Amino acid sequence: MLAASEVILTTNPCQTCGACCANFRVSFYWGEADDAPGGIVPAQLTEKISPQLRCMKGTASKPVRCVALEGEVGKRVSCSIYPQRPSPCREFDVLEADGSPNPRCAALRAQLLPS
Ligand code: SF4
Ligand code: SF4
């Protein structure tokens, strides 16, 4: 999800998208938050959803919009905690690990940017 605003990646479609940050519940193991040893995700931007899980604030109910998302979805966006984003954000990308297109990304983009 999203490229950091300070990183110049002119061909990265995430910088003009942000759909995944405004559509999915972004949940992850509580220990990823920075109030746990070794955690990096700012805990104040998260909320507890179970004893083991937290999510990014703003993504647990509709309308979904992650609290860390800056800008306008579909125009220009960035992640304010890019170096500290949780694992789901690191794992969800335009491409799958094998280089093939991520169908969930493609579906969201088709919804957001209909041709
Ligand atoms: S939906 Fe796809 S293109 Fe859009 S921000 Fe997420 S990973 Fe990037
Ligand atoms: S933490 Fe950043 S990359 Fe992850 S959903 Fe929020 S804005 Fe998007």
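Hi everyone, let's start with Cys 55, which lies in strand S3. Strands here are DSSP runs of E with at least two residues, and they are numbered from the N terminus. Before I go on, a word on what we're looking at: this is a predicted model, where local features need pLDDT of at least 70, side-chain atom pairs count only at pLDDT 80 or more, and totals for chains, interfaces and linings use all residues. Residues are numbered from 1 along each chain as its sequence is written, chains are lettered from A and ligands numbered from 1 in the order in which they are written, and side-chain values use heavy atoms, leaving out hydrogens and water.

Back to Cys 55. Is this residue buried or exposed? Cys 55 has a relative accessible area of 0%, so it counts as buried; the cut-offs are under 20% for buried, over 50% for exposed and partly exposed in between, with a 1.4 Å probe and protein chains only. Leaving aside residues up to four places away in sequence, Cys 55 touches a list of residues including Arg 25, Phe 28, Thr 46 and Ala 60, where contact means heavy atoms within 4.5 Å. Arg 25 is 30 residues away from Cys 55 along the chain, yet their C-alpha atoms are separated by 6.8 Å.

Now the sheet around that cysteine. It is an open sheet of three strands in the order S1-S3-S2, with antiparallel pairing. S1 and S2 stand at the edges with a single partner strand each, so one side of each has no neighbour in the sheet. From one strand to the next, the twist averages 35 degrees, taken between N-to-C directions of lines fitted to C-alpha atoms, on a scale from 0 to 180 degrees.

How many bridges join S1 to S3? There are three, and DSSP has to find at least two for strands to pair. Tyr 29 has Leu 53 as its bridge partner in S3. Three bridges also join S2 to S3: there, Thr 46 is partnered with Met 56, and Lys 48 with Arg 54. S2 and S3 form a hairpin with four residues between them.

On to the loops. Pro 42 sits in the loop between S1 (27-29) and S2 (46-48), and it is buried because its relative accessibility is 7%. Beyond residues up to four places away in sequence, Pro 42 touches Asp 34, Ile 81 and Gln 84. Further along, Pro 63 is in the loop between S3 and strand S4 (69-72). A cis peptide bond joins Lys 62 and Pro 63, with omega about 0 degrees.

Finally, the ligands. Which residues surround ligand 1? Among them are Cys 14, Cys 17, Cys 20 and Cys 105, along with Asp 93 and Arg 109; to be near, a residue needs a heavy atom within 4 Å. That shell has six nonpolar, one polar and two charged residues. In this scheme Ala, Val, Leu, Ile, Met, Phe, Trp, Tyr, Cys and Pro are nonpolar, Asp, Glu, Lys and Arg are charged, and the others, Gly among them, are polar.

Ligand 2 is surrounded by eleven residues, the closest being Met 1, Cys 21, Cys 66, Cys 79 and Cys 89. By class, its shell has eleven nonpolar, no polar and no charged residues. Cys 17 is buried at 7%, and Cys 66 is buried at 10%.

And disulfides? A search of the whole structure finds zero, with the cut-off being a pair of cysteine sulfur atoms within 2.5 Å.
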